Structure formats: C-alpha cells, structure tokens
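Student: Please show me the structure. I would like to go through its aromatic rings with you.

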Amino acid sequence: MNWTNFWVQNPQLGQVANFDSGFYNGVVSADYSAFNADGGPAGIWSNSLFDFRSGYFAAASRWGMQITANGYRDGNLLYQQQLLVNTDAAQLFSLNFAGIDSLEFVASGGEEYLGAGFHFTLDNADIAAPVPLPAAAWLLGSALAGLLGLQRRKA
C-alpha cells in the first residue's frame, strides 16, 4: 500500500495545542492518526486490488467539512461517497469500496472553527485484499468433497 500526502501525528506529544481540534479528537485508538499533510487531496494506491471497508474521519479545524471519497480501478471511478465531518469527534464511515486500486480523499466546505485549511484525520482504516473468486471456489469445493467423503464412510 502506498499513501500519498498523508502524514502521521500524535497530539499527545504536544503537536496539537488545541484540544477541541479534530487533530486531537480524531484519534480513535492508540496515540496516532493520519492526516492530509497540506490540506489538499490525499490518497492510497496499490499495484494490486484492495477493499477499503471503513475508517474513522474528523475535520481538523472546520465545522461541517465535506470529504469526498473516490474509489478507482484502472483510472475509472467506481465509487464516490460524501462524508460530513466535524472537529468534536471521529466518525465511523463504512465505505465498502471493493476491488479498487486507488482511493482519493478531497476535503472542502465547512465553516472555519479553529483555523483555516481543509485538514482531516483518518484512523483505524479497515483495508483488505479481496479473496479471488477462484481461490474461494477451490476452498468451497474441497470442503464439500471432504464432507461427501465423510458421508460415504458412515454409510
């Protein structure tokens, strides 16, 4: 997995002075979260397909900010979802973008609350490689064959 324009921050180490900010409130587990470094678009991409299932998002300094999540395969837009976020808490969004090779997040709108910029945080991203159908079918087929073999022995 390759991450573009994402940085990591730990507000507990004093990197964030205002505890009302989404930088601080966007951390869900442990001490760290990712954020879009310059407030611009940020993304995730891979040479192989992946699923982006969900993640916790928060606006760093704008109330009512919108994040547009775009999921692509081979440059073609497959998925698009709008996320409305605030600074007071991270919100879980289930995107369920399956079989993509790149993902882009673009922040816009909202009212300045703690400062300018379109920064957002992302924590606990649930990303997985999809199971290829032939492998899943092979596993199911071998399990069924095993059950049939056991059934014949009992008879």
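This is a predicted model: local features need pLDDT of at least 70, side-chain atom pairs count only at pLDDT 80 or more; totals for chains, interfaces and linings use all residues.

Tutor: Residues are numbered from 1 along each chain as its sequence is written, and side-chain values use heavy atoms, with hydrogens and water left out.

Student: How many aromatic pairs does the structure hold?

Tutor: Rings of Phe, Tyr and Trp (its six-membered ring) pair if their centres lie within 6.5 Å. Planes under 30 degrees apart count as stacked, over 60 as edge-to-face and the rest as tilted. The number of aromatic pairs in the structure is 10.

Student: Which kind of pair do Phe-57 and Phe-93 form?

Tutor: Their ring centres are 6.1 Å apart. The planes meet at 65°, so the pair is edge-to-face.

Student: How many residues apart are Phe-57 and Phe-93?

Tutor: Phe-57 lies in strand E4 (residues 42–59) and Phe-93 in strand E8 (residues 91–108). Strands are DSSP runs of at least two residues, numbered from the N terminus. The pair links distant parts of the chain, and the separation is 36 residues.

Student: Is Phe-93 buried or exposed?

Tutor: Buried means under 20% relative accessible area, exposed over 50%, partly exposed in between (1.4 Å probe, protein chains only). Phe-93 has 14% relative accessibility, so this residue counts as buried.

Student: Which kind of pair do Phe-105 and Phe-120 form?

Tutor: The centres of these two rings lie 6.0 Å apart. With planes at 65°, the pair is therefore edge-to-face.

Technical notes: Helices (H or I, at least four residues) and strands (E, at least two) are DSSP runs, numbered from the N terminus.
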